[in-house]
Amino acid sequence: MATNTSICGICSLRQITQTSYHWCPQCEEALCNECRDHHKLLKVTRSHELIPISDYKSIPSFITDLQQSCTYHDEQYQQYCVDHALAICFKCITDHRTCHVTTLEKVINNVKTSEQFLDLESRLGDLLQNIDQIKKNRNSNVTKIEETKTRLVKEIRQKRAEINKRLDNLEKQIIKDLDEKADQNCKSIQKVLSAVKEKEIIISKCQANFQKMKQYASDLQTFLVMNEIEVKVYENEQYLQSLKEANSLVQLDLAWKVDSVLEHISNSLKNFGSIEMRTQTSSLEFIRSKNKQAQLQVVSMKKTIDDVKLILQMKITTDGKIVRGCCMSKEGDLLFTDHCEKKSRTVFESDNKHDKLKYKIKGFDVTMVDEKTVAITSGESRMKDGIDIIDIKNQRKIKFIELPGRTYGITRDHDSLYVCVEGRVILTTAWTSTLPPTPPLWDEPCFLHNVIESTFDRTVNYTLQNGEQEYCDNMYGIHTEGWYKFSGNEDVLTKPPKPRQCGSATPIWFDGQYPTRYAEVLTVTACMVGNDTDCEHNWNVSVMHCGEYNVAYYGSPQYHANTGCGRYCMEYTNDPCSNYSVIDYDFTRHQDYYDDTYMHNCDYQWPKGWYYFEGGFNLSTTPAKSGQCGSYNPIWINETIDQTVDTDMVYLRACESYSYQCGYTWSIPMMKCGSRNIMYLRQKGMCGRYCLESRNSSDVTPTPSYVWDEPCHWHNVITSQFERSVNYTLQSGEYGECYDMEIYMEGWYKFSGNERIPTYPPKSGQCGSSSPIWLDGTYPTTYGEISSLTACMVGNDTECGNSWNVSVMHCDGYNVAHLKSAYYMTDCGRYCM
């Protein structure tokens, strides 16, 4: 390629300056008129097709600047490696001796008439037509939405005219909802349009360059640049297809669903209707001249991993425990690294003998540097992280290259080593010379940073409630100075929040702009909101842009006595109504379920987030006791739930029962999303479990003070023993049991063996007492039924010398009785079993 196409290259060699008017693509030479004539007469060049020099200058620079000679040997490309799809010179053949190599002339012959070239040209045209279709389709959709919006506004206002002034606020609300959803649809479409227009510019430019290449570029230039253009075409084809697969091209529409109450206006009317976003499957079909990618007739396409077929050649047995690294020398020797933690990891050499190297070194991976040198990464277990360069012939270490982190995988490409360093790839060169330690990467904060959990209670949409504990970043979240980002890639607000937003009385925001270029660092001002000012305290924070997210260098917010503790405020990005998890139905969560084993079921393992209970059950608003809802610490709501409308957020007060009291309390934000109550659930107490309203809640009072069958679950137990039964009689001189000490206080009781108190009179001395007690009456037979029986204490001459009333409830398989201690009776008695 001539360095100056404005003058004749041949005349320039003769120290003559002549203006060039022609260009020979085959010779890559600019020619004047006189040299043009000689060029056509020479036998070697008479078949060359010349083009005007002005046409050559119109070829894009990315084509003319193509390297047409070997970068390693500075010789013209003469051969082509089919296996690597790479043009090579004669000297490169030694590196490709096992590859399929052909002449470059065969490869580029008739390239402009090949099926692949024609297919590429056709696909460029198809892309532009598809982009034009999308533009028309999206613009038409926007127009339709605007027309529908206008029509619906008219219908809404006509309907509004039929009702009284009570619906004024509802009308504003529905129109606002309509505007928001129409804007939301339009913004979504405009976003697609914007991206598609950018693709159109790229493809249009690519198509123009392709036409220039088709007319004026040499076959070699055409061949070398075709793969680059094909990659761009494929990427854009995939992008357009992804739009359709991601439902970005579905037909968006608006509809007004009239509330049925509007037809019968009454005081119970709660809304004016709802605006629905409707979608229809896109009928748009992309133009594609060929559904199957064409292939070059003389060049095999690159194979994928799916085309690789492994054939077992041989098995090599080493005495290594955990072999991680392996490489082969040019002589065919195999080297391994053993990553076993229990012994010194050793590099093994195999020349069909499997001999150990005398030099031992701890390592993870290994690669050949040259015929006698290997590079070994340090892995996890060494004082310094880096690469050992080992002379395997002389059994000695040449040098150590220190790197900024644990080193794992390693490979060589020509004069460079590529090393994985804790998730990054570092390039190091010139391993035979003395190198200083590798400096940190310029974009290191994008890889090495701390992560702050993204939670709703850190966003501007969350407001700290009265009596709720405040969270401070110097105690929860940012413990040490360093680089941080949010786990959901959100940014800190760049506009001032209000006090108590973001879960803090003094939220922190950034006064400044975020960087926009990769690894660009800007300084912003961190402002802590005060009672009467947006920035009562401030300090500088460095922010780096890392592509899809930003990282910031935080210092722990200082505690200020006047303003309280600070918390960095996070942008709100997710709509709870479309980003919530469903909790599977579990009947043991209902308040009318009881487990007398007091199981420690708890929801503490749940991450903070928005949840919906399958079946639409709400949290219980009735105080729960241990054992209810299948938990030792049930969680309930200390206020009613039915107090919200769509999109409004309310804060409920959660109570976690502990020792029959509301031991811990915190707020639960709740939104009504259509017919569903979506709640932001978290735990701040012990191992608690969220309790659902009773399954038979419609059959009981709205706020019962206790469960109707409570005595069956909460009662005392009297030990069942033979000497308490009617079959046991006190013997002469034996001391009788008195005052029934197991019944030490008034309450509900049952026997441990589920026995009953007899309903017939025992005799004095039976049941181990001179005054046994029995019940006169009939036991209840229906679950939860309560009957009143008469407790009778046997006297010397009577079956019922002293009596009182006892309530008995029938439970599943046993009865419980409400007993009072016999200690306070007139005589010494004992309940008989």
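Lysine 608 is partly exposed, with a relative accessible area of 32%. In this predicted model, lysine 608 forms a salt bridge with aspartate 457, and the closest N and O atoms are 3.5 Å apart. The two residues come from distant parts of the chain: aspartate 457 sits in the loop between strand 19 and strand 20, while lysine 608 sits in the loop between strand 26 and strand 27 (609-613), 151 residues apart. Aspartate 457 counts as buried, at 2% relative accessibility.

Arginine 682 belongs to the loop between strand 31 (676-681) and strand 32 (689-690), so its pairing with aspartate 457 ties together parts that are 225 residues apart in sequence. Both members of this pair, aspartate 457 and arginine 682, are buried.

Why would such side chains pair up at all? Side chains of opposite charge can do this when their charged atoms come close.

How many salt bridges does a search of the whole structure find? The answer is 19. One of them joins glutamate 520 to arginine 517, with 3.8 Å between the closest N and O atoms. Glutamate 520 counts as buried at 16% relative accessibility, whereas arginine 517 is exposed at 55%. Elsewhere, Asp119, Arg123, Glu230 and Glu237 are linked in a network of salt bridges.

Now for the cysteines. The model has 8 disulfides, and three of them are set out here.

| Disulfide | Distance between sulfur atoms |
|---|---|
| Cysteine 502 and cysteine 569 | 1.6 Å |
| Cysteine 577 and cysteine 673 | 1.9 Å |
| Cysteine 767 and cysteine 832 | 1.5 Å |

Take the pair of cysteine 767 and cysteine 832. Cysteine 767 lies in the loop between strand 34 (747-751) and strand 35 (772-776), and cysteine 832 lies in the segment after strand 39 (830-831), so this link ties together parts that are 65 residues apart in sequence. Cysteine 767 counts as buried, at 0% relative accessibility, and cysteine 832 is buried at 0% as well.

Not every cysteine is bonded this way: cysteine 81 is in no disulfide, and the nearest cysteine sulfur, that of cysteine 99, is 3.8 Å away. Cysteine 81 counts as buried, at 0% relative accessibility.

Back to the bonded ones. Cysteine 577 and cysteine 673 form a disulfide whose link is left-handed, with -75 degrees about the S-S bond. Cysteine 577 lies in the loop between strand 25 and strand 26, and cysteine 673 lies in strand 30 (residues 661-673), so the pair ties together parts that are 96 residues apart in sequence. Is cysteine 577 buried or partly exposed? It is partly exposed, with a relative accessible area of 27%, but cysteine 673 counts as buried at 15%.

Next, a look at one strand and its neighbours. Strand 38 (residues 814-819) has 5 of its 6 residues buried, so it is largely enclosed by the rest of the structure. It runs antiparallel to strand 37 (residues 802-811), to which 5 bridges join it; in one of the pairings, methionine 809 has valine 816 as its bridge partner. The two strands form a hairpin with 2 residues between them, and glycine 813 in the turn has a positive phi of about 95 degrees. Strand 38 also pairs with strand 34, in the antiparallel sense over 3 bridges, and there leucine 819 is the bridge partner of glycine 747.

On the surface, Phe447, Leu448 and Tyr518 form a nonpolar patch with about 270 Å² of accessible area together. Phenylalanine 447 is found in the loop between strand 18 (424-429) and strand 19 (450-452), and it is partly exposed at 40% relative accessible area.

Finally, the whole chain. Its secondary structure comes to 9 helices and 39 strands, and 46% of its 833 residues count as buried. Among contacts with a separation of 6 or more, 60% come from residues 24 or more positions apart. The accessible surface comes to about 45,400 Å², of which 48% belongs to carbon and sulfur atoms.

Terms used:
Residues are numbered from 1 along each chain as its sequence is written. This is a predicted model: local features need pLDDT of at least 70, side-chain atom pairs count only at pLDDT 80 or more; totals for chains, interfaces and linings use all residues. Side-chain values use heavy atoms; hydrogens and water are left out. A disulfide is a pair of cysteine sulfur atoms within 2.5 Å. Helices (H or I, at least four residues) and strands (E, at least two) are DSSP runs, numbered from the N terminus. Buried means under 20% relative accessible area, exposed over 50%, partly exposed in between (1.4 Å probe, protein chains only). Contact means heavy atoms within 4.5 Å. Accessible areas come from the Shrake-Rupley method with a 1.4 Å probe; for residues, only the protein chains shown count as cover. Two strands pair if DSSP finds at least two bridges between them. Patches are made of residues with over 30% relative accessible area and no salt bridge: like charges are joined within 9 Å, nonpolar side chains (Val, Leu, Ile, Met, Phe, Trp, Tyr) within 5 Å. A salt bridge is a side-chain nitrogen of Lys or Arg within 4 Å of a carboxyl oxygen of Asp or Glu.
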